[in-house]
Amino acid sequence: MMTDRLRFVGKQLGILFLILLIAMVIFFAGLMIGYSVIGSHSNPWEIFSPSTWGQVFKKLTGN
């Protein structure tokens, strides 16, 4: 009986982990597509550079 409960909890945690992983992949793909297509930048991987995020935060905070 205890192993059935542990198996159920393990399955639920596995599903949760899979959903979170898929959500992260979709989020990062959206960042790349948005930065390169909407932002008219040629390199979509630039979105992951710290200097790009520094510029984003400067624009958002006004500093």
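Analyst: The chain has 2 helices and 0 strands, where helices (H or I, at least four residues) and strands (E, at least two) are DSSP runs numbered from the N terminus. Its radius of gyration, taken over C-alpha atoms, is 19 Å, well over the 11 Å that the globule rule (2.2 Å times the number of residues to the power 0.38) gives for 63 residues, so the chain is more spread out than a compact globule. This is a predicted model, in which local features need pLDDT of at least 70 and side-chain atom pairs count only at pLDDT 80 or more, whereas totals for chains, interfaces and linings use all residues. Residues are numbered from 1 along each chain as its sequence is written, and side-chain values use heavy atoms, with hydrogens and water left out.

User: What share of the 63 residues is buried?

Analyst: Buried means under 20% relative accessible area, exposed over 50% and partly exposed in between, with a 1.4 Å probe and protein chains only; by that rule, buried residues make up 8% of the chain.

User: How should I read an aromatic pair?

Analyst: A pair of aromatic rings is described by the distance of the centres and the angle of the planes. Rings of Phe, Tyr and Trp (its six-membered ring) pair if their centres lie within 6.5 Å, and planes under 30 degrees apart count as stacked, over 60 as edge-to-face and the rest as tilted. The whole structure holds 4 aromatic pairs; one of them, W53 with F57, is tilted, at 6.1 Å centre to centre and 40 degrees between the planes. W53 and F57 lie 4 residues apart in helix 2 (residues 50-61), about one helical turn.
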